[in-house]
Amino acid sequence: MRVFDNVDELRAWRDPCRAAGEKVGFIPTMGALHAGHLSLVKRAREENDRVVVSIFVNPTQFGPGEDFEVYPRVPEADRALLEADGVDALFLPPVEAIYPEGAQTGVTVSGVSLGLCGESRPGHFTGVATVVTILFNLTAPDRAYFGLKDYQQFAVICRMVKDLAMPVEVVGLPTVREPDGLAMSSRNARLTPDERETALALNRGLTDAEEAWSAGEREPAKLEGIARAALAAAGIERIDYVTLREAETLAEAVGAGKAAVLLIAAHVGSVRLIDNRTFRT
Ligand code: AMP
């Protein structure tokens with residue numbers, strides 16, 4: 001595996017791949033890798049000639065008072081996992097390689113960025129869309145892989161790629177969970193054992209609501225109430241949102257016969273967790 005911290009060297013590796021007609025799959029990450037990330041790597045391996053992973057804890061997608069400083073950083077362990085999984089190139093840029101001095105340009109997606117995490121984390125999706133654009137420009141992938149655990153992020157990236165005619169195929173893959181149902185997240189490493197137990201309530205709430213949906217319940221307030229009850233039973237008080245949306249558009253009204261997605265963002269101790277479940281008709 002080649003490891004680059006430098007844009008010129010990355011390009012010098014990337015350009016001949018392109019000239020040779022090789023397809024490149026790209027997975028942007030913030031590191032502290034787990035099986036969720038590796039599921040994206042695996043799919044990229046299957047579908048492309050070359051796989052590039054980036055690890056960059058992007059300062060512009062964290063708000064003041066968020067967890068940028070304490071976000072888990074384990075580059076050596078990450079590197080070993082990626083090497084073992086047959087990744088061709090790892091891009092580990094310093095901040096200056098991504099944001100030139102005096103940078104003044106950002107990418108803002110409207111509509112789909114506005115509610116949910118866009119509301120509880122102002123500026124977050126502009127940070128995400130901007131860094132993903134820069135990383136796409138640097139790695140020039142044919143395909144890019146994202147997890148549906150970050151459901152709204154995936155919707156934002158799809159919208160951006162479409163609106164700006166970016167020549168990248170965006171692939172979204174299902175959430176990988178721990179055996180007890182907790183959605184894998186780099187932030188789980190920051191949970192105490194008790195908090196980790198409490199955090200199971202997110203998946204429990206989604207599962208309870210899914211059962212109600214399967215039994216025919218379609219009233220958003222009822223489904224949201226079921227999920228909220230699971231959070232309350234676990235003692236989770238700081239909830240950013242529990243909301244049922246149309247799966248495709250994230251619109252508040254779910255059209256008859258349309259798939260829905262129930263999305264949760266809640267704080268367990270000092271850790272903000274998100275999870276979601278898609279309900280099909
Ligand atoms: P992050 O390192 O948190 O920025 O995540 C990098 C990519 O991995 C994003 O596309 C995430 O949606 C995806 N990802 C994170 N956790 C999971 C998971 N549990 N299952 C599948 N994909 C995930």
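The following legends describe close-up views of a predicted model. Local features are reported at pLDDT of at least 70 and side-chain atom pairs at pLDDT 80 or more, whereas totals for chains, interfaces and linings use all residues. Residues are numbered from 1 along each chain as its sequence is written, and side-chain values use heavy atoms, with hydrogens and water left out.

View 1. The ligand is surrounded by 17 residues, the closest being Met30, His37, Asp150, Val176 and Met184; a residue is near a molecule if one of its heavy atoms lies within 4 Å of it. By class, this shell has eight nonpolar, seven polar and two charged residues. Here Ala, Val, Leu, Ile, Met, Phe, Trp, Tyr, Cys and Pro count as nonpolar, Asp, Glu, Lys and Arg as charged, and the others, Gly among them, as polar.

View 2. A polar contact is a pair of N or O atoms within 3.5 Å. A backbone N or O atom of Met30 lies 2.9 Å from a ligand oxygen atom. For His37, a polar side-chain atom is 2.9 Å from an oxygen atom of the ligand. In the side chain of Asp150, an N or O atom lies 2.6 Å from an oxygen atom of the ligand. Of the 490 Å² of accessible area that the ligand has on its own, the protein covers 93%; areas come from the Shrake-Rupley method with a 1.4 Å probe. Two or more residues of the shell come from each of β2 (24-29), α2 (35-47) and β5 (143-147), and α2 gives the most, with three residues. Helices (H or I, at least four residues) and strands (E, at least two) are DSSP runs, numbered from the N terminus.

View 3. Strand β3 (residues 50-55) is largely enclosed by the rest of the structure, because five of its six residues are buried, that is, under 20% relative accessible area (1.4 Å probe, protein chains only). Strands pair if DSSP finds at least two bridges between them. β2 and β3 run parallel and are joined by six bridges, with Phe26 opposite Val52 in β3. The chain passes from β2 through α2 to β3 in a right-handed β-α-β crossover; right-handed means that, with the strands pointing away from the viewer, the path from the first strand over the helix to the second runs clockwise. Three bridges join β3 to the parallel strand β4 (residues 89-91), where Phe91 stands opposite Ser54. The crossover from β3 through helix α3 (residues 75-84) to β4 is right-handed.

Note on methods
Polar contact = N/O pair within 3.5 Å; in protein donor to acceptor, adjacent residues only side chain to side chain. Buried < 20%, exposed > 50% of the residue type's maximum accessible area, 1.4 Å probe, protein only.
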